[in-house]
Amino acid sequence: MKVKILKREFIDKDHYLLWVERPKDYNYKPGQFTYIESTINNNKVRRFYSFASHPEEENLLFYIKRVPNGLMSNYLAEIPLGSTIEIGNPMGHFTLDRADTDRVIFIGAGTGIAPIRPLTIEAVKQNKKVIVVHQERYKHLLVFRDLFEQLPIIYIPILSKEQSEYHGHVQDYIDRLIYNDATYYICGSRQFVIEIANLLKSKGINKIVIEAF
Ligand SMILES: Cc1cc2nc3c(=O)[nH]c(=O)nc-3n(C[C@H](O)[C@H](O)[C@H](O)COP(=O)(O)OP(=O)(O)OC[C@H]3O[C@@H](n4cnc5c(N)ncnc54)[C@H](O)[C@@H]3O)c2cc1C
């Protein structure tokens, strides 16, 4: 499906929010992703990106980090507004129907917070007890902080490179995050997801849903 780039907002030089036109009758679930495809330097390039938007919002939102020498993440940072890109159908099972518990704990690192934004909105709508943990390096990268602070959830931003209430890494706070009645959702780099999932398993947690970027 061909869609237009509508708006872009840089969080810093390497991180940006990208709003994209939503095709007519395009239905997706919170937590899903799609591919974005474009022709870059005469080659067709296709990469996956999670929806940071909730399906009840009008347009599609993505939260993207520029990867050094990365083809798509730099291309999308630079192409003019109004340009056309190709997106695929929604995909993935990082969705709330995987949780049969009233309590859900979302743990995202870096851009791994993207699918957690719509999942959190959805979990609140479903009256679940929600904890959102966002691991980042710096405070300015707590991109959805305003929203998370407004919602009736517990929001735990953990900063590794700046002083804050929660300083360090998710691993440092894991004992405070153990609930036997919760489903855990973890999203971030493969290394992060595996490490946190293994740590949770070692604490007796077995309801874990993961998405690795
Ligand atoms: C299910 C899924 C959902 C995703 N959702 C998002 C999202 O919401 N936001 C987002 O920003 N990304 C997301 N990604 C990652 C995205 O698909 C791309 O891999 C990423 O944007 C890099 O693509 P690129 O074309 O810019 O880099 P490429 O041209 O593919 O890579 C260039 C070089 O960078 C290296 N590289 C690739 N990725 C990284 C990285 N993360 N860190 C450091 N080096 C890297 C490669 O090994 C290569 O050497 C998701 C991936 C998956 C599988």
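A polar contact here is a pair of N or O atoms within 3.5 Å. I kept that cut-off at hand while looking up the ligand in this predicted model.

I began with arginine 47, where an N or O atom of the side chain is 2.7 Å from an oxygen atom of the ligand. At phenylalanine 48 I looked at the backbone instead, and one of its polar atoms is 2.6 Å from a ligand oxygen. Lysine 65 also uses a polar backbone atom, 3.0 Å from an oxygen atom of the ligand. I then checked the cover: the ligand taken alone exposes 930 Å², and the protein buries 64% of that.

Entry 2, the shell. I found 19 residues around the ligand, and Arg47, Phe48, Tyr49, Met72 and Ser73 come nearest. By class, I noted 12 nonpolar, five polar and two charged residues.

Which elements each supply at least two residues of the shell? I listed β4 (43–50), β5 (60–65) and α1 (71–78). Of the shell residues, four come from β4, which gives the most.

Why does the ligand lie between domain 1 and domain 2? Domain 1 (2–87) and domain 2 (96–212) both give residues to the shell, so I recorded the ligand as lying between them.

Definitions and conventions:
Residues are numbered from 1 along each chain as its sequence is written. This is a predicted model: local features need pLDDT of at least 70, side-chain atom pairs count only at pLDDT 80 or more; totals for chains, interfaces and linings use all residues. Side-chain values use heavy atoms; hydrogens and water are left out. A residue is near a molecule or strand if one of its heavy atoms lies within 4 Å of it. A polar contact is a pair of N or O atoms within 3.5 Å; within protein, one must be able to donate a hydrogen and the other to accept it, and residues adjacent in sequence count only if both atoms are side-chain atoms. Accessible areas come from the Shrake-Rupley method with a 1.4 Å probe; for residues, only the protein chains shown count as cover. Ala, Val, Leu, Ile, Met, Phe, Trp, Tyr, Cys and Pro count as nonpolar, Asp, Glu, Lys and Arg as charged, and the others, Gly among them, as polar. Domain bounds come from an automatic or database domain assignment.
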